[in-house]
Amino acid sequence: MIHFVLIVNRRCQTRFSRYYNDNEITKQKSGFELEIARKTVIRKPGQCLFFKHGKYTIVYRIYASLYFVVGCDEQENEFGILESIQAWVEAMDCYFEKVTELDLVFNLEKVHMIMDEIVLKGSLAETNQERVLAPIYALTDA
Amino acid sequence: MNSLNDISQQILARLPLFRLKDLIKAVRACKTAAEERAVVQKESAKLRTAIKEENSDARHTTVAKLLYIYMLGYPAHFGQMECLKLAASPKFVDKRLGYLGIMLLIDEKTEVLTLVTNSLKNDLNHHNMYIVGLALCTLGNISSSEMARDLCSEVEKLLGSSNTYIRKKAALAALRIIRRVPELHENFISKSKALLNDRSHGVLVTGVTLITEMCQQHPENVQLFRKAVPLLVRHLKNLVSAGFSPEHDVTGVTDPFLQVKILRLMRILAKNDQEASDAMNDILAQVATNTESTKNVGNSILYETVLTIMEIQSEAGLRVLAVNILGKFLSNRDNNIRYVALETLNKTVGMETQAVQRHRNIILDCLRDGDISIRRRALELSFALINEGNVRVLTRELLAFLEVADSEFKQSMTYKISLAAERFAPNKRWHIDTMLRMLKLAGNFVREEVLAGFIRLVAQSSELHQYTVQKLYASLKRDISQEGLVLASVWVIGEYGDVLTTSGSFEDENVTMEANETSVVGLLESILMGPYVNQLTREYVMTALIKLSSRLNEASVQAKIKDILQRHTTSMEVEIQQRAVEYMNMFSFDDIRPAVLERMPVPETRTIIQTNNNGPDSPALERSSNRPGPSDQDLLLDLMGVGTASGGGSNDVMEASPQVQKATIPQKSQNSDLLADLFGTSGSSEQSTSSPAPAAASGGSALLDLLGDIAGEKSTPAASTPPPYATGLDTLASLGQSLPNSRSPELSGAGLQANNSLPPVSNGHQAYSKNGLTISFVPSRDRNNGSIINIQVHFQNNGSQGTISGLQFQAAVPKSQKLQMAAASNSTVDPNSTEKQLMRIHNPQQTAVKLRLRISYILSSTGQRVDDLAEFGPFPEGAF
């Protein structure tokens, strides 16, 4: 099960965050996010894309200047998560037409909605790009 | 131009921030955190007023800004009601944002959640599928238990809906419900079975996830779903062998997500079930071989397959295939894959050791990888792989790695290396060499019990004493910075210093050196003066010095030792001062000093740790389990007026406790021997080994004198090989033996001849006759045990030299036999009387019984003590 998803930039600023674990961490949210961001940003290029942080396994992937960080539990297949991240980025890319960090900043709620279509409460829902984006397009059409 | 820009900027800055975009731009324009906080606070205030105004048009923007502020980290709970109102709006856009706000801002603990329930209920029945989906999504994300119960039936209904989009979302909403309220899972069982037959991959994925969760929560469901295994196998087959499907393709692999989910479900269903596992064997093999592993996608599927194969009851060929896949992973250049492979191998090495051994070389290569997490896992795996066959090779590699390892590894590595060496050492010399090398490389990180184990090992391998002490001396000469090495070497040099100095020149790493007494003491002194010394080291050196004082003979050396000890009698550390003073005092007891400083007894073999858990508990447990032992022994020793352990209050674990334990363990066995069978493999076997000097024997006898004239048994001074036992302890052992006086009448009654008459006993064998004292033996075979020979010793005094008093009789038997002596009836033999003593010889190998005797007595006529040696034996055939 996925516990949380974060997008952070190189300066450890959170651009997007979503938690799926009944808000255990909301109190120290910013501190927690900063900690994870620091740990992720500091990793060198040759190192593994997964590591352990407390009881979470952190899987991350770098796209341009953004780090897509997913925290899941130990049972998850790490490679599968990597693939989901890829699917998510592709969906956003398609919707925003060449997504950049600024797109994330100015259209945060859309990013949330796309995320909602792909992952529902920690489990993967849909990975087909068309189907993911259909409701979002319906939003703007309606 | 510039002034126009400035003016327009100023005007813009003063304008209210209408749209979300403006707010975002304003926040981004802030240079410092304080500025940002100011902007946000101003905006928050405006938002609050907007909420109060209840303007439905502006609601959308208000909530959008609110969410933005929330994401930045500022409190936004005042907007929760706004989100609710927005969610109730008929417009889809508003609804969407409202529900998003609800999902982000409201959690289970707020009471507002109950209001959401109503809104959700309405929307779950909406005709627009997206709105239904939205409601399900919200439900899935934040529902509480009450909400779950309320809306459970709705979700159930939607699970059977004809719309795939809705079905998909409903499955995950159901997942959330059963996580919250596990009892409701029964409602969904039938519907979820139907989901498995769905054609849409999205539904399949969510359905499989739902079933997986149900099986994990309630193992009894596994039975129900096992029937679905063939169905799952068919699905997987379709996925693997289907052609290119543009809808689900991810870089060449058809819907890897679904494949992975199915594999995971299969893993859960087939665990512990042979039938299901058999059904899967084919498809697992097919997936494993057909999936290409060049891309990450393929690797994810292969990884999941390997995990599944390992957990179910797969056939052997399949397991080997799995391990081979992992091996292939290991040689992949991508770090991620190697990490995952090492992790999995760690979990499975217990089951498939043979197959894993084949990849040993690659694993050893991973030890040198750049990534520390890979190194760590490779290390764990290497330790798990050690067995008798490869112990030499692996330990060599591991020691090479120890050299370059990070300090965090060093401690656990030394511990594990010593464990492995202990379990699998092919011979003692290799073992000692390995431990030596380890101490040289990482002496500072060695744990106490490892050090103790090493000392035990050295003490036990008597043939290697010379080799060991030479090697340790040489390495110490080169490097005194490693504390563990220093401690071990100092102890060994202290014990076997005489061996070192008399061994002549030896070679170590192509440097010939010779250790003479001055250099040895000089080395110890240099350690004391060196920069690495701490209290523990000083304590060890003190003790080693005093031991050496009795082992080394040169006067200059003795003076040096005294000098060093004298210097420390004024030390600031109480322990050091106490030791120094006590040791200095010992110099005034020259007659018993050598006895006290005898060689330590060989500690009995004890593994460093019993089980795998090498926490601090087990060593403590081990030591404490030995504690109850000494308690009654302490009493015994106290009775005899001897203290329990020398060097009482020291925190020197190695010296004190082994001494206590080794002193007491032979004690314990002595007692139990007497209580059970008079003959056991007690520690007091007689060997023709020596005490270092005759002084020792007399020292021993002085102790005996202190405790009363009880005839003990002693090993006679013979060759100069170092004895493993302290004669002092032998004394105690023999005292322990003769202590239960209740036994001796029984013993003496065993084969005692009633008559004390003067004429020599008819079937006695005369062993010694001098100065009026005649000693003769009357042997007989024990009735119960054929290899035991009872010998009655008769001391006859024919009175020519008057009364014979202070009689001490000691005997030694060959190595293959054991001797036990009982108390003599009297140590004074009056003229014309006979005293008796019983000896028992245990002769399992039926070798010839020979005795070497040492007799000491005082003649009343001359008043002088006579010491005599005699040999007797063998007993002629048929004597017993």
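This is a predicted model: local features need pLDDT of at least 70, side-chain atom pairs count only at pLDDT 80 or more; totals for chains, interfaces and linings use all residues.
**Two loop residues and a helix crossing between chains**

In chain A, the loop between strand E1 (2-9) and strand E2 (14-19) holds Cys12(A). Phi of Cys12(A) is near 65 degrees, which is a positive value in a residue other than glycine. Most residues other than glycine have a negative phi.

Asp255(B) sits in the loop between strand E2 (253-254) and helix H15 (256-270) of that chain. Asp255(B) is not a glycine, yet its phi is positive, at about 35 degrees. The relative accessibility of Asp255(B) is 4%, so this residue too counts as buried.

The remaining feature involves both chains. Helix H2 (residues 78-96) of chain A and helix H17 (residues 296-311) of chain B have axes that come within 8 Å and cross at roughly 145 degrees. The crossing of H2(A) and H17(B) is left-handed.

Which residues meet where these helices cross? From H2(A) they are Glu78(A), Phe79(A), Gly80(A), Leu82(A) and Glu83(A). Their partners in H17(B) are Asn296(B), Val297(B), Asn299(B), Ser300(B) and Tyr303(B). Sorted by class, this contact of H2(A) with H17(B) has 4 nonpolar, 4 polar and 2 charged residues.

Methods
Residues are numbered from 1 along each chain as its sequence is written. Chains are lettered from A and ligands numbered from 1 in the order in which they are written. Side-chain values use heavy atoms; hydrogens and water are left out. Axes are lines fitted to C-alpha atoms, for helices over the stretch in contact, and angles run from 0 to 180 degrees between N-to-C directions. Helices (H or I, at least four residues) and strands (E, at least two) are DSSP runs, numbered from the N terminus. A crossing is left-handed if the near helix is turned anticlockwise from the far one by less than a right angle, and right-handed if clockwise. Contact means heavy atoms within 4.5 Å. Ala, Val, Leu, Ile, Met, Phe, Trp, Tyr, Cys and Pro count as nonpolar, Asp, Glu, Lys and Arg as charged, and the others, Gly among them, as polar. Buried means under 20% relative accessible area, exposed over 50%, partly exposed in between (1.4 Å probe, protein chains only).
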